Amino acid sequence: RLLFAVFLSAFTAVAQQNPAASPPDASEKSSTVTGHVYLSDTKGPARKATVYLQTVASLEADTPPRHGVVSSSSDGEIESIGVQTRLDGSFSFEDIKPGDYYVIGLYPGYISPYLSIALAEGRSPYGDWKPLSPEQQAAKKAVLDTIPRLIVQSDHPASVDITIDRG
């Protein structure tokens, strides 16, 4: 019983110190992002494709990979969130914080922007991490320029349609 009481009081103390329990900032209301994913070769909807919203800062950063880590920043902000498209290729993200995002669509047999970025960077995910050279930075920027970008504003719904290319 004593051990249970100590555990319970320690758990309660940790829960009370959790800053995530504080109310959200009312000035930054979340928004909804909707859209469709289309296949470039058939012009049809990408059924059951995966769509990611990834913060511009996280994708443009030249930092070591964090394999096996949940995709959130050190301050607890979400860096990437994904959903699956419906049969008509439509998707919807709810409760998205205002910010600047890349919209990335993935579908089997089609070009992955993540792979394109990795190839442009010319780094092995298993080797020692080194900062990008100016040539690698330029190649990465060229790939990022092809990815749809979306600015989400507080309490304003946003919409984007994307087309993905056959691999």
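Buried means under 20% relative accessible area, exposed over 50%, and partly exposed in between, with a 1.4 Å probe and protein chains only. This is a predicted model, in which local features need pLDDT of at least 70 and side-chain atom pairs count only at pLDDT 80 or more, while totals for chains, interfaces and linings use all residues. Residues are numbered from 1 along each chain as its sequence is written, and side-chain values use heavy atoms, with hydrogens and water left out.

**View 1. Salt-bridge network of E60, D100 and R149.** The structure holds five salt bridges (a side-chain nitrogen of Lys or Arg within 4 Å of a carboxyl oxygen of Asp or Glu). A network of these links E60, D100 and R149. R149 has 46% relative accessibility and is partly exposed.

**View 2. The salt bridge between E60 and R149.** The closest N and O atoms of the two residues are 3.6 Å apart. E60 lies in helix α2 (residues 56–60) and R149 in strand β6 (residues 149–152), so the pair ties together parts 89 residues apart in sequence. Helices (H or I, at least four residues) and strands (E, at least two) are DSSP runs, numbered from the N terminus. E60 is partly exposed, at a relative accessible area of 39%.

**View 3. The salt bridge between R149 and D100.** The N to O distance is 2.6 Å. D100 belongs to strand β5 (residues 99–106) and R149 to strand β6, and the pair links distant parts of the chain, 49 residues apart. D100 is partly exposed, with 26% relative accessibility.

**View 4. The salt bridge between D145 and K141.** Here the closest N and O atoms are 3.1 Å apart. Both D145 and K141 are exposed.
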